[in-house]
Amino acid sequence: MGHVLHGRHAEQAALGALVTDALEGRSGALVLRGEAGIGKSALLDWTAERAAAAGLLVVRVTGIEAEADLAFAGLVGLLWPVQSRLDDLPEAQARALHSVLGGPAADGAPGDRFRIGLAVLTLLAELAVDRAVLCLVDDAQWLDRASTDALTFAARRLGADGVAMVFAARQEGFDAPGLAELRPGRLGADDAGRLLGAYGLAPALRERVLAESGGNPLALREFAAAAPEGGRGEPLPVADRVLAAFRAQIAVLPERTQLMLLLAAAAGSAHVEAGPSGSYSHAGSSGHADSSGASGHSSPSGASARDARDGRDLRAVLAAGKELGVGLDDLQPAERAALIRVTGAGIAFRHPLIATAAYRGMPMARRMAAHRALAGAADDLDTRALHLSLVTIAPDEETAAELVAAAERARLRTACAAAAHLYRQAAHLTPAPDERAVRLAEAATLALSAGDVDVAADLAGQTRALTSEGPAPATAARVRAAVELERGDAGDAAAILVEAAGSAPVDVAAGMLRTAADYAWFAGMPDIVAVAADRLRDLGRPDPAARGMAALISGDHSEGVRLLRSAAREDGVPRMRAVHLGWIVGDDDATLAGAAEEVAMCRRYGLVGALPDALQALAQIQVVAGLHRDAEASVAEAAAIARDTGLRRRAGQLDTVLARIAAIEGDEERCLELTRHSTATGRVAADTMLSLLDLGLGRPQEALDRLLAARRGPGGHAGVLMGATGDLVEAAVRAGAPEAAREPLRGLREWSAAGGQPWALSMAERCLALLTEDEAHFARAVQLHEGTSRPFERARTELLYGEWLRRERRRADARGLLGSALETFERLRARPWAERARAELRIAGGSAATPAAADLLDRLTPQELQVVRLAADGASSREIAAKLFLSPRTVEYHLYKAYPKLGISSRRELIRLTLA
């Protein structure tokens, strides 16, 4: 008999639509959120039954409170029945999932906590190739953090795959931003009355149960079943009253039965087994009415989902029970009371609140005895360590060491949140203060890696308060600095590192000072850059990058550029540091190559968390190279991954990249919006975007004032201001204040001469031409621009030279330059600049043709553009999916949408199409 649900029409419609969409090849995810007993599990069961009948593959798991600290416990429960499909995944992803499921160790590639999520995404998509998939997660608030991260990452990135995911969770404890939510409400009087109809209560008692249950389906059922004793009107929340009712039922059972229930509740080790109809569910059996308003149902897998959700490890419970003098027979009274169901697979509580009541209703001494017995019966080291930690009150190095070992196993599986929790527990049980500080610092580092910024800050603070000597304070300082950076204050981060480096070992201090110099440069804190450079020299670890930045700040451009270029080419320098140094000195070719290599490396190894930073660097250089659509695609991907992985601070930095495109295009509203929330670190960059917008829209005085103020501020040394010197000089000349440009131009000439970059030398010549009106400088600027990678700057040089020639009445000479400038501006959609070039061309007697038709690529979405470019290079859908962290079917969907926009119908035609 199927589920009968009362008062859930809206919820059933939404869940039914998810199933229908999956059957039609579309993916979706939904969070059912509500109080205990509101009917979430019944809705999951109804959805599973509907999906199985329609032919979907149903996979499901239930979070278990006792396993919340076991790394990937939830994911193991969900995926082990389908682990035979792991070999269908790309090798790195397959090995990552195998390591979680107990297979071969990880492949030795750089670690990333989101690679597991990427593997889950691909696995679900592969399963959906055969038939649509429904993935159900009950009690998601009790999933371990590693499983939560992996599953929600997959949920956010599924596309045209035919996968539906539903998470059921309490009001608190399950954070899933970006996923749609549905909140089942309490039942109205009519629906509640229909649910009570099966109990045949007397009218007065029926009204009492209705009033005290508050429309909560579980409370309705439990209070009705316990009548006339139930429903005493305590001034407690409904869930607490239900819990009290369960405690009362347990309290009348024999003590031996209560002890066995305590062991089952404390064990929390779930078994999973395959059922018929293609559904995988926790083991259990059918036959109980559901507490959420369903009655007379059976699970589509042949097992009651309510019973299944709390399947317990019977072997461990019996072994622990033997040590405490109780056994299987002692569970019979609880079975007769319908509190549990015992099968060959385990012990299933009818509702998780029964397990809670069985555990919390016992004295502390009994709970500790249960955990001690379970620790002795555990057949894996992680479970043993967790149980031991719950019975150890006084410091105990042996138990602490077991927790550390468990933490290291979790770290190897990139389950950073679990590892942080274990290290924290180990620290509290560590007798030696110095070792306790080391373990707290390690917990802080792992919490930060897990994205738990506030937890990391708290643990680092505890470490700092505990000791000022040894390696722990330095580790804590690095965490505190990273927290400040995450919160958007690179200046404070730099100051923390410089201060803490004073008491750190030499090698550690050197690393902290190098990082501090980088942070301080971008934060606009020249004093800290100089201090870090001097301290590194005094330590005997001189750093050319820090010295170079200090030299640039002091105005020694020649020495500064020389040192920074040398630092970027040093053996062993991290690639992203080399990319940032290349950006500072304007080395476009090296920056583009390095950023592209870093992106490729992140894609190759599935380094999801590191990819946004690499994509941002790539987008910055793509913008100045005139590859605006590619830059938008890079930013869109970085923003999506940052959102999916909780990297909140990245969004503002990415907006600054897009702001330059908006400034070039003259889109004032968008440029203002993108720069409105700039952090202190990004304010100088935002000012350069706004000044470029002002200049393009004919407001040279506003552009000049903004740039001069930025140069006088703490970030006046920033490389982005050097690149904006051409804007400042043009604004000064057009505003009638050429003297304001003299000093900035002097710095640009020194800087460009030291770096030797053609685009920078050309800009310096263009600025000289504006100030001197000497044609030789204009001609030299145009010549230097030939073959450079900055088309917008080249077009501006051509425009300014063409305007000068037109004013000199050399119209024929002007027309070629103006026409070339116009063509580039139109290609870049630089509307105000194109209008200016078109007007000049008409005055010069040229033919200002109708604006060029939109480029084919402009018709594509950012993700379509990425897919199309890779496909045009000959990559297969599977290869593209692995690179873009998508599924092959989603790649095919994007190609299907892109072909008509490009006027083609096949991949073969795409490969022949020239994509500029």
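Which residue forms a salt bridge with glutamate 840? Arginine 806 does, with the closest N and O atoms 2.9 Å apart. Here a salt bridge is a side-chain nitrogen of Lys or Arg within 4 Å of a carboxyl oxygen of Asp or Glu, and the structure holds 67 of them.

This is a predicted model, where local features need pLDDT of at least 70 and side-chain atom pairs count only at pLDDT 80 or more, while totals for chains, interfaces and linings use all residues. Residues are numbered from 1 along each chain as its sequence is written, and side-chain values use heavy atoms, leaving out hydrogens and water.

**Links between distant parts of the chain**
- Glutamate 840 sits in helix 43 (residues 831–843) and arginine 806 in helix 41 (residues 791–807), 34 residues apart; helices are DSSP runs of H or I with at least four residues, strands are runs of E with at least two, and both are numbered from the N terminus.
- Glutamate 65 pairs up with arginine 360, with 3.8 Å between the closest N and O atoms.
- That pair spans 295 residues, from the loop between strand 2 (57–62) and helix 3 (73–79) to helix 15 (residues 352–360).

**A pair within one helix**
- Arginine 683 forms a salt bridge with aspartate 687, at 3.4 Å between the closest N and O atoms.
- The two are four residues apart in helix 34 (residues 683–696), so about one helical turn separates them.

- Glutamate 840 is buried at 11% relative accessible area (buried is under 20%, exposed over 50%, partly exposed in between, with a 1.4 Å probe and protein chains only).
- Arginine 806 is partly exposed at 22%.
- Aspartate 687 is buried at 14%, whereas arginine 683 is partly exposed at 29%.
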